Amino acid sequence: MGAVRSAAQALGHLPKTRLLACSPLYRSAPWQAEGPDFINAVAWLQTGLQPLELLEALQALELQHGRERPYPNAPRTLDLDLLMMGELQMNTPRLTLPHPRMHLRAFVLQPLQDLLPDVHIPGVVPTGAVGAWVSSTSGQAMARLT
């Protein structure tokens, strides 16, 4: 929980960036990975950074928190995903927006709904507010911590 809170605070100090809000914290079992439970949250940022600049800044924060990438889906101290940037849709070798699997993951959807209940995920069909997707992930165990 400390790493997530520390990272959330650090997000507000990124260049051209302001932390507008952070969701409650949730505990969830690893999803398609092994290791201890994860602590999850969603942060809402206002930023003047371009998408790849923001991704690089997020990865730099991960490194500052001891993130290592020894193999795909390895246990990690911190994993900061860039989920979406407004209505922007892009697909490059380094970044896909919106995050291609965010609508399938309760640990993303529930905190996102807590924070921005009326937000729509661009390009995801069927369209609708994030709450429409939360019910489809009801089998994924999560517990609200704060």
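## Exercises on a predicted model

Gly66 sits in the loop between helix H2 (51–64) and strand E5 (90–91). Helices (H or I, at least four residues) and strands (E, at least two) are DSSP runs, numbered from the N terminus. This is a predicted model, where local features need pLDDT of at least 70 and side-chain atom pairs count only at pLDDT 80 or more, while totals for chains, interfaces and linings use all residues. Residues are numbered from 1 along each chain as its sequence is written, and side-chain values use heavy atoms, with hydrogens and water left out.

**Exercise 1.** Classify Gly66 by its relative accessibility.

*Solution.* Start with the cut-offs: buried means under 20% relative accessible area, exposed over 50%, partly exposed in between (1.4 Å probe, protein chains only). Gly66 has 38%, so Gly66 counts as partly exposed.

**Exercise 2.** Find the salt bridge and say what it ties together.

*Solution.* Begin with the rule: a side-chain nitrogen of Lys or Arg lies within 4 Å of a carboxyl oxygen of Asp or Glu. The structure holds one such bridge. Its partners are the side chains of Glu56 and Arg94, at 3.2 Å, N to O. Next, locate them: Glu56 lies in helix H2 and Arg94 in the loop between E5 and strand E6 (96–97), so the pair ties together parts 38 residues apart in sequence. Lastly, Glu56 is partly exposed at 43%, and Arg94 is partly exposed at 46%.

**Exercise 3.** Name the edge strands of the open three-stranded sheet.

*Solution.* Two strands pair if DSSP finds at least two bridges between them. The order is E3-E2-E7, with antiparallel pairing. Strands E3 (38–40) and E7 (142–144) each have a single partner strand, so they stand at the edges.
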